Amino acid sequence: MRHVHWIGGGSGAGKSTIARRLAWRHGWRVYATDDVMADHARRTTARDAPLLHAFLAMDMDERWVNRSPEEMLETFPWFHGEAFGLIVEDLLRMPSEPPVVVEGFRLLPRLVEPLLPDRRHAVWLLPTPGFRQAAFRSRAGHEARFTARTGDPERAERNLAVRDDLFTGRLREETARLGLPAVAVDRTMTEDWLAQCVSEVFGL
């Protein structure tokens, strides 16, 4: 899979934006893992993706309001690699030209690492809480609309913020342990600067 580059990281870190910029600049394709979650859910069973099917059976309050952020982290299927094999299946069906950049929070370092021809084919973007909050505010109320579907939007938003911060912490620990490239993303970093950092990791 030498034609594949990977951009993982925490929510709101700029993965999609940077992937699109690199694809436009270099003539690559983009494979957005968020876009295929529904398809991948349909391609799984409760036996091979138990966390996912338990999550699908919950209502919105059970998912986002009634549980602690720690429990949400430990039971969110995409944070534990369920259906990651379907990402690989999709990529193997694609032609090797043009190259493809894969992006999304589902790209866990321990799962991507065995697929890398070398360390310069992957990077993880690790947002600070302040950067992530600013990113969500810039998305024209997307997060607010999402949490509005629960019985307690404010609590749901708090839970999600803490859960996402915990997940980013795990990514930070895992990339460090495996010696994989990671970029800390804070509010001082411009889009151009972040794109340059990722390009340098990729050797572009």
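Predicted model: local features only at pLDDT ≥ 70, side-chain atom pairs only at ≥ 80, totals over all residues.
Residues are numbered from 1 along each chain as its sequence is written, and side-chain values use heavy atoms, with hydrogens and water left out.

Let me begin with strand β5, residues 182-185, where Val183 and Val185 lie on the covered face and Ala182 and Ala184 on the uncovered one. Helices (H or I, at least four residues) and strands (E, at least two) are DSSP runs, numbered from the N terminus. In a regular strand the side chains alternate between the two faces of the sheet.

Now to the salt bridges, of which the structure holds 10; the term means a side-chain nitrogen of Lys or Arg within 4 Å of a carboxyl oxygen of Asp or Glu.

One of them joins glutamate 191 to arginine 21, with the closest N and O atoms 3.0 Å apart, and this pair links helix α11 to helix α1, parts of the chain 170 residues apart.

In another, arginine 110 meets glutamate 174 at 3.0 Å, N to O. Because arginine 110 lies in helix α7 and glutamate 174 in helix α10, this pair ties together parts that are 64 residues apart in sequence. Arginine 110 is partly exposed at 39% relative accessible area, whereas glutamate 174, at 12%, counts as buried, where buried means under 20%, exposed over 50%, and partly exposed in between (1.4 Å probe, protein chains only).
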